[in-house]
Amino acid sequence: MVEKYIDDINTLRSILHSDDHIQIRPSGDFNQISLRLDCDIYISFLHDSLSSLIISNVHNLHLSKQTSNKNSLTNKQWIDIRDYFNKFIQQSNSNTSIYLIVRSMQEYMREISGEKQKTSEYNSISTVLISKPDASTLIKRFRSADLIFNRIIHDTTIDRSQVLIGYEDRFTGIHEIKFHEFKKVHESEYGIPMHRIRYYKINGSIVWDRINKIDILTGSEIHDETTTDIEQEENLVEGMYRYDQSIHRWTLCPQVSLTSDDLTIPSASNMFIPERCQFLTWNILFDYYQSEFIYTNQRYEEILKTLKSFLPDVICLQEVTMKFLNLLLDELWLKENNYYIIIMGNILNSDQKQSYGQLMLMKNFRPRAFSICPLPISDDRKSQRKTSIKEYIIARFALNSEVTIDLVNFHLHSNHTYNSNEKRCQSLEYFFKTLNTQNYMLMGDFNFGDFDIKEQNLLQTYQHQIHDLWRDIYDLDENPGYTFDPSRNICSRITSDFPLSLRLDRYLLHRLHNLSYSIEHLNIVGLETIVIDSIDNKHINQSDHYALQLIINFRVRSISHCSALSFMPPMNIWPSIQSFREKYDPLFHQWPPHINLLWPFFDFNDAEDDEENILLPLRLLLAQYKSFDIKINEIDSLENAHITYMKLNENSTEYVKQLYENIKQIFPENLFDKENNYHPCMTIGLFDSTKKQNQVKSLLTLAEPIQFPVRYIHLLRQTSNDDRTRFHIAYQIPFDSVLQPIGLDSYSNISFELQEFFNKTGLYEARKSYEQKQEKLNRLSNCFREIFNKNTLNYFTHEFFPYGSFRLGLDGEDLDTVLILCEQNSSNTKTNLDDIISQLRYDSFALNNHIINLITKYFNNEITDCRNIQAIHPIISILFHDQTRVELFVEIREKSISNEQIQDGTFLLSNFHQPVHGVHDIERLIVYARFPPIFQHLLSFIRTWAQNVGLYGQVYGYLGGYSWAILCAYICHNYLSSNDSYFLLEEFFNLVEKFFSTYSHFNWSLESVRLCSKLNYSRQTSVDSRGSMRILCPSPPYINTSPSTINSTRQLIIQGFQNAQKILEKNLKYEERLKEILELSNNFPDKTIKSILQLKLSVKTLNELNQWTGYMKSRLGRFLNECQDECNLFVQTQNNLETRNDNLERFYSIGFQLDEQILSRHRKFYNSLNQFSEQFIICPFRTDTMKISYKLMSILDWNNEHMKK
């Protein structure tokens, strides 16, 4: 395979202008290869140097342009080249060679430079339009046998008992059969294909003959064979219809347009959309083009059967013709299920040739208002005024007495339309801007895919407002959601100009704060093919599009007096407050001491995604605030309201008011009292009269001022609507970007007994270690502020965040950080640093090296080691003299948001729809865990146990820190009860017991651990399939955080859960059982292990040692997977490297259940081992002093060797 790689490189050299135009440099696990084309355009990618240069073997394949004064390309030419490259990659398959891509790009660029590319898109469109068949030929064509068959079925003037069908048997000739005995091929095993029908007879006379082209039944005019009532068809007009069972007719319903809809008028009972609602959208394909190949009659029949099988609550159809409408209106299931149907006038316009339009059907409910409107677009070829080319249906439904949702069925312009990209963008932006104060969902045929640049840029601009529901739950790399797929769909193969699979059909949802939703099911349906001829194996799909089925649960989020957003003092402050409240506050037993921010607040009992839509934005806001102290110096009264309260001092009042104003920006206005100004205070007395209030006024004084820290905002909730029910803490939302470290918080609500246990067992981080990390974080932050500021940059701004263990307030080996450089528009001249960043933006290796130089210069002699660790995600590793290690991830963000938002400095953190690497994942965990201090304690305990027993470390095939954190957050979210008292040792024990019992019995082979309630669809995707344990990230696209686990390590992890569970079942004190779990040790090698593969790594310097061991870890996962998948071996891995006599040597061991003699003769194992060892031979940064060796030994020899060390 290495030889093939070298051949491919030499072939590429042969087609480039110079050998210098191909650059290969080491990039961690890969080689970074850059191919220079004309005009300073580069094709770059990562490759492992072991396989051929084809698309499936490269990573991060992209096109870039180096800024240069010599660059002769215009901006439009560059955009055309980039778009051509993107489309070429989309249309390529996994075996397409890099050589072919380069040649194609060279040819296209020669056309661009020679100005040969004129108006090919418009010309190709013209060609397509010219080739359309004339409509008159379609109307006068001879009727097929299936059309006549349908006519006989539905024509009430024909006595079907007098009808005979003559059909041709290929062996025995012509046979006649009675009409009611005739079976089609899909109705019976012995059914007769329709093309074998030769003639029809009625009362003994031939009325239709295929051979002689006789059609007495319909003559020269096409009638709609399945019309129930011809007179009714002629009377149909644009509007909404309902089938009246009493008169057996479709009747026109009264209409209220959206512009006339008075929302103050209550909705009727039949105007409410179901809370659990099933949608189906489908472009059913008209039959105006290629009609002889797409068998429309059979397709329509099958489409109706598919619709009947689902009976959706809402059906949105596109490309509907009068022919299909007549079939649909005659369907019994449509009438019996009380469907309302909105018919677009384009369908009925028989005077307009080849007309079609949309339908919207609702089962057993109707809209309170609807309109059929033109899509507003401007046509540059004619004028800038808006013209109506296409129309859409918009219908409004009630969700409850106050909340509505608008549903829109539309069909955007196809690529056969002039300037189609611009028209689609105009239409979408019209909806995004004009409906932004409404709940609405757009559905239908959007006619663009995920690689149409203009449309995707528009969606990205509005992505924090518009939810693409397919993207909500699926990773497009794993499940692209192609609804138009020529590779599988016969119809789309016939109708498409290019064999390109696309996600054309979508659901886009915009919702306000008053609406919550969860996706129960979202899937592509209508995949079944229709048998046209079973003997010739001829099939056709139901349409060139697949249908998109959605089952969604809508929940109206109400505002309730049972819920409040409040500050609460720590429990050790309570006595000085409760002494007053117990005497004078009649709500003493209902409310804990608190200062309300918002009351009433959202009712969390009514929603399923509160964490995502309410608490996460709140947490991201609070992360930008430092925790603060509240000071109370006096008690005051509102005599007219008979209220006595503890008054905040001036500074505390102003700070809380400022926070209140910022919270108002993320929640709707109806939460806030517009009539009264907000005055924060803590109520301690409520009186019936001024007289009673004055009687005790002299007793209401403070002996001394009260001061307490505010580290959290608390969500308080009553568990029932009974006013006497006590408010409990349901969520704690912390301030600060970094959680307060456990063990250093003297105001924690963790009981003294539990804190003592953590101190004795060493689970709290030492203050010195934490302070060293905090100091490095502050120093780096100051460093970046000095390097990247308004004086040094005009085109970029920067943000710097911590993530990982440090952000969670836990003791971790490293301080994980991320530096974001954000591109912005500027009219100023580029600075030198702007130019450097712009040039290096597509070369992460060089960019990191530049930042390393800046950091090293800034810190001078304070750093022991600062180096670039290159892999898929490049990281800068910094080791300070005090042995504090900082890992820094650097990312450049392109222009996608306004300058004002970037300059605000808080947008990156607040915009969780564009998550920052590592940061937003941690923020979601903090919210889902509900009680951060308890979550921190549980995670510290579990993580220490996992490290002790050798089950920690993703690179070794076990679970990494993030996976363990998700498991703990899941337990906290589901099993922590609302509380407002100290968290006791007994409660912690119960939580630990829940952890081990839950995961000991979890069905790891079939189920996934997931926090997000929206991820509740029934069809599992391949995103779940990577790794033997599936612990899904709570952030879209919900990737598996444990992809390196294999069956062997999964079995060992489950065994570890079970061992801990047995200890918890012992009859010992809580503290003793918890301590015994922590005292469990690493059982490597397991008693079943019979042989050991031992690796020895040796180097000359510590820097080489770090590089060499890191490289080994990066290659280990593939080897372990091959041992399982290719060799069927049980594997146990060490979760650490051993240091023996020489500090520059490391040993690593892997255990196997086979005897070493048998394993040494295992051919597949040795093939895998040889491939593993070859990786070290070709390591791009290896020196002569970096060595590796291995030996296979028996367990006895390995144990003896360990005893000697």
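Guide: One term is needed at the outset: a residue is called buried when its relative accessible area is under 20%, exposed when that area is over 50%, and partly exposed in between. The model before you is a predicted one.

Let us begin with Asp450 and Arg503. These two residues form a salt bridge, in which the closest N and O atoms are 2.8 Å apart. Asp450 belongs to the loop between β19 (440–445) and α14 (453–461), while Arg503 belongs to the loop between α16 (490–495) and β21 (505–510), so the bridge ties together parts of the chain that are 53 residues apart in sequence. Both Asp450 and Arg503 are buried. In general, side chains of opposite charge can pair when their charged atoms come close.

The pair belongs to a wider arrangement. Asp450 and Arg503 are linked with Asp468, Arg471 and Arg506 in a network of salt bridges.

The side chains of Arg276 and Glu520 meet in a salt bridge, with a distance of 2.7 Å from N to O. Arg276 is part of strand β12 (residues 276–283) and Glu520 is part of strand β22 (residues 515–525), so this pair ties together parts that are 244 residues apart in sequence. Arg276 counts as partly exposed because its relative accessibility is 46%. Glu520 is likewise partly exposed, with a relative accessible area of 23%.

The other example joins Lys647 and Asp636, whose closest N and O atoms are 4.0 Å apart in their salt bridge. Lys647 is in strand β31 (residues 643–648) and Asp636 is in strand β30 (residues 628–638), so the parts tied together here are 11 residues apart in sequence. Lys647 counts as partly exposed because its relative accessibility is 32%, and Asp636 counts as partly exposed at 27%.

A charged residue without such a partner deserves a place in the account. Asp816, in strand β37 (residues 814–823), is buried yet has no salt bridge. The nearest side chain of opposite charge is that of Arg943, which is 8.1 Å away; a salt bridge would call for a nitrogen and a carboxyl oxygen within 4 Å. Leaving aside residues up to four places away in sequence, Asp816 touches Phe801, Pro802, Tyr803, Gly804 and Glu887.

We may now turn to the chain around these residues. The chain has 37 helices and 44 strands. Of its 1205 residues, 55% are buried. Among contacts with a separation of 6 or more, 71% are between residues 24 or more positions apart. The accessible surface comes to about 54,000 Å², and carbon and sulfur atoms account for 47% of that surface.

Helix α6 (residues 145–154) shows how an element may be covered: 8 of its 10 residues are buried.

Together with Ile214 and Ile216, Ile206 forms a nonpolar patch on the surface, with about 240 Å² of accessible area in all.

Some details of the backbone complete the view. Most residues other than glycine have a negative phi, and most peptide bonds are trans. The bond joining Trp599 and Pro600 is cis, with omega about 5°, and Pro600 lies in the loop between β28 (595–598) and β29 (601–602). The bond from Phe1084 to Pro1085 is also cis, with omega near -5°. His248 has a positive phi, near 55°, and lies in the loop between β10 (239–244) and β11 (249–252). His248 counts as exposed because its relative accessibility is 53%.

Methods
Residues are numbered from 1 along each chain as its sequence is written. This is a predicted model: local features need pLDDT of at least 70, side-chain atom pairs count only at pLDDT 80 or more; totals for chains, interfaces and linings use all residues. Side-chain values use heavy atoms; hydrogens and water are left out. Helices (H or I, at least four residues) and strands (E, at least two) are DSSP runs, numbered from the N terminus. Buried means under 20% relative accessible area, exposed over 50%, partly exposed in between (1.4 Å probe, protein chains only). Contact means heavy atoms within 4.5 Å. Accessible areas come from the Shrake-Rupley method with a 1.4 Å probe; for residues, only the protein chains shown count as cover. Patches are made of residues with over 30% relative accessible area and no salt bridge: like charges are joined within 9 Å, nonpolar side chains (Val, Leu, Ile, Met, Phe, Trp, Tyr) within 5 Å. Lys and Arg count as positive and Asp and Glu as negative; His and the chain ends are not counted.
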